Amino acid sequence: MAFRKALKGTAIIGTGAAAALLGISQLSEYRKTQARLAYVAAEGELKQPFKDELPTRQAQLSTLQDTEEFDVLVVGGGATGSGCALDAVTRNLKTALVERNDFSSGTSSRSTKLIHGGVRYLQKAIMKLDYEQYMMVKEALHERSNLLNIAPHLSAPLPIMLPVYKWWQLPYYWAGIKMYDLVAGGQCLKSSYVLSKNKALELFPMLKKDKLVGAIVYYDGQHNDARMNLAIALTAARHGAAIANYTEVVHLLKKTDAGTGKEKVCGARCRDVITGNEFDVKAKCVINATGPFTDSLRKMDDGKNTNICQPSAGVHIVIPGYYSPDNMGLLDPATSDGRVIFFLPWEKMTIAGTTDTPTDITAHPIPREEDINFILNEVRNYLSPDVEVRRGDVLAAWSGIRPLVTDPNSKDTQSICRNHIVNVSDSGLVTIAGGKWTTYRSMAEETLDAAVAAHRLGGGPSKTVGLVLEGGQDWSPTLYIRLVQDYGLENEVAQHLAATYGGKAFDVAKMARVTGKRWPIVGNRLVSEFPYIESEVRYAVKEYACTAIDVIARRTRLGFLNVQAADEALPRIVDIMGKMLDWSDKKRTEELEAAKKFLYLEMGYRSRSEQLTGTTEITLDTQEVAKYTNRFHKFDKDSKGFITTVDVQRVLQNISVQIDENALHEILNEVDLNKNGQVELNEFLQLMSAVKKGQVSDSRLAILMKTAEESLDLRGPVTVDRSGGGV
């Protein structure tokens, strides 16, 4: 009945209209693409003055200060801003870009990691006969194809399963997904297909079996968003753009136009956030690509401007990889409150999200506990009851601000723009706002077209379709084998380097130090369970990393994958960066504290501490209390009522196990609620109660004491492995 109602009145008319729209747009898109490709210059024909070595950040700052006038100054180093810089410089325009934080430090690094056209937008386009939404999907699918081609090392097609639990939904969803394939045309990644219940469970065994009737699998793209953003910015720098992170705009520069007598924007007063040094950057055109902070720059231009950005927070969580198959995502098309949830494998973990709630604009968004629990509850609805979805399994959580916008050119300024807007103010400030990650390139092209027209810049058409990004030129699927054979890297590390740096992976491998082991020959890991190595920190400095946060969040993705592992890697990261950047002891301490604060607030570490507090209720029964008290007293031989690292070391020596003293301090500190350097019996019982309820999983102290107790009973040696931990 619901199926008939959904299709009633739209089946024939909707299908015919959709087919007509499809035919017209396919022809239009074909001609448009052919025209674009005619302008795409070969790699050798484009100027690339820094092909071999990138200029240092200091050299970039000097260029910003010493250049008499740029054609274009881009403010904002996210995906769109970096895309604008790349589009401008490849049009042979003298280009500058400034970013007040790090490249991709905002929304662009906190996405769902998908490169997609938007299945739900297509559904709305067809059901409502909305041509604008249809063309938005069409454009996104074209850009999806282009992005997968220009950065093959950072992106790949990903099959996504849509489980079906009602028979009538099967033909309904199948028709919609097939239309998605059809709209993509020749740029369809792989054809979608229907699965029986048994086949769906074979491919996704964690799926809830009850009432499952089948599934539909379609393909979209997936990428490493922060590294992709960085690749765009570095490619712009290779082609001659002067780019600088940690460089903020203090105010806009203006001059009076001789012809009209009106004030025109002619550059910006900038400040190096690291040194405090201020300087002017003159430019014929200034582009505002600041994402959620769009209105801040618009009000610098004209204090009377009203806000057009309506920010929305999207929270994601990361849970262990065993929650999903290695190469199959999941889409929940209708959550309990009408939102869409993706459940995707990423970097050998599982990412789930996103939420969509109004928020205030901030540079440091914090994931809310209620959003984390909402995502976990939705995940539980789709997974088998055999899979216990535990709050303690959340390894990291973050919030990104999506900059939804209203069009200042529209009469109805209250309605949200479904795509993006490009606006040129009376003073000549060009603003690009809204949109989505996938369409960053076409948004940049449209922005530069508007800038060129408004400021008569020249430079010709866009040349970014098919322009390969940093690392993509020399990449191949078997590149990692050469890294193993030529440098003696671990296989997992080599695969990671190839997938992160592409052809530049050899530069990272050359910087790797000898391990002193038989194997691997080079490549000391920052933490044992992740393939990130120390030479990546050294290479990150060449990629303009200025802080420890830059390394754990954007040059590597350790902070997004496991905050506990990132916290453990921080001292070594700070040590390496300190030597390269000549940091004082005071500066090293500040960097360590800032990075720990970042993990605690923005990456969900705070949520972990909130799961185990001094007021945590002990919900153990009498037998369990006796069992865990007995375990505790095997370590507290002197009946002090607490244990320290000395007590644990004594027990470990008895069973022939060695653990580094610093690591032991960290393990006890996780449970030491009052931070007095010791773990009391009550704290231990609170821990075991939280483990029982699923609030804390894989506690290293709990596993260590359990394993040691078993070994003491057996009086045999045992190896204690480090646990993954959770937040």
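1. In this predicted model, the axes of helix 17 (residues 548-555) and helix 20 (residues 585-601) come within 8 Å and cross at roughly 35 degrees, where axes are lines fitted to C-alpha atoms, for helices over the stretch in contact, and angles run from 0 to 180 degrees between N-to-C directions. Helix 17 contributes A548, I549, I552 and A553 to the contact, and helix 20 contributes E591, A594, A595, F598 and L599; contact here means heavy atoms within 4.5 Å. These residues divide into 8 nonpolar, no polar and 1 charged, with Ala, Val, Leu, Ile, Met, Phe, Trp, Tyr, Cys and Pro counted as nonpolar, Asp, Glu, Lys and Arg as charged, and the others, Gly among them, as polar. Helices (H or I, at least four residues) and strands (E, at least two) are DSSP runs, numbered from the N terminus.

2. On conventions, residues are numbered from 1 along each chain as its sequence is written, and side-chain values use heavy atoms, with hydrogens and water left out. Because the model is predicted, local features need pLDDT of at least 70 and side-chain atom pairs count only at pLDDT 80 or more, whereas totals for chains, interfaces and linings use all residues.

3. Helix 6 (residues 131-150) and helix 7 (residues 169-184) have axes that come within 9 Å and cross at roughly 65 degrees, and the two are therefore roughly perpendicular to each other; angles under 35 degrees count as roughly parallel, over 145 as roughly antiparallel, 65 to 115 as roughly perpendicular and the rest as oblique. The crossing of helix 6 with helix 7 is right-handed, a crossing being left-handed if the near helix is turned anticlockwise from the far one by less than a right angle, and right-handed if clockwise. Y134, V137, K138, L141 and R144 of helix 6 meet Y180, V183 and A184 of helix 7, a set that divides into 6 nonpolar, no polar and 2 charged residues.

4. Helix 6 also packs with helix 5 (residues 119-127), at an angle of about 150 degrees and with the axes 8 Å apart, so helix 5 and helix 6 are roughly antiparallel to each other. Their crossing is left-handed. Here Y121, L122, K124 and A125 in helix 5 meet Q133, Y134, M136 and V137 in helix 6, and the residues of this contact comprise 6 nonpolar, 1 polar and 1 charged.

5. The second largest pocket holds about 1,100 Å³ of space. A pocket is, on a 1 Å grid over the protein atoms alone, an open set of points where a 1.4 Å probe fits, with protein on both sides within 12 Å along at least five of seven lines, and lining residues have an atom within 4 Å of a point. Of its 37 lining residues, H153, E347, K348, Q495 and A499 are the closest to the centre. Helix 14 (491-501) is among the elements that supply at least two lining residues, and its 6 residues are the largest share. The lining divides into 20 nonpolar, 12 polar and 5 charged residues.

6. Some backbone geometry deserves a check by eye. A cis peptide bond joins G353 and T354, with omega about 20 degrees, and T354 is found in the loop between strand 14 (349-353) and strand 15 (357-358). The bond from W519 to P520 is also cis, with omega near -5 degrees, and P520 lies in the loop between helix 15 (505-510) and helix 16 (534-542). K211, a residue other than glycine, has a positive phi near 70 degrees.

Methods:
Points joined across faces, edges and corners; volume = space filled by probe spheres on them.
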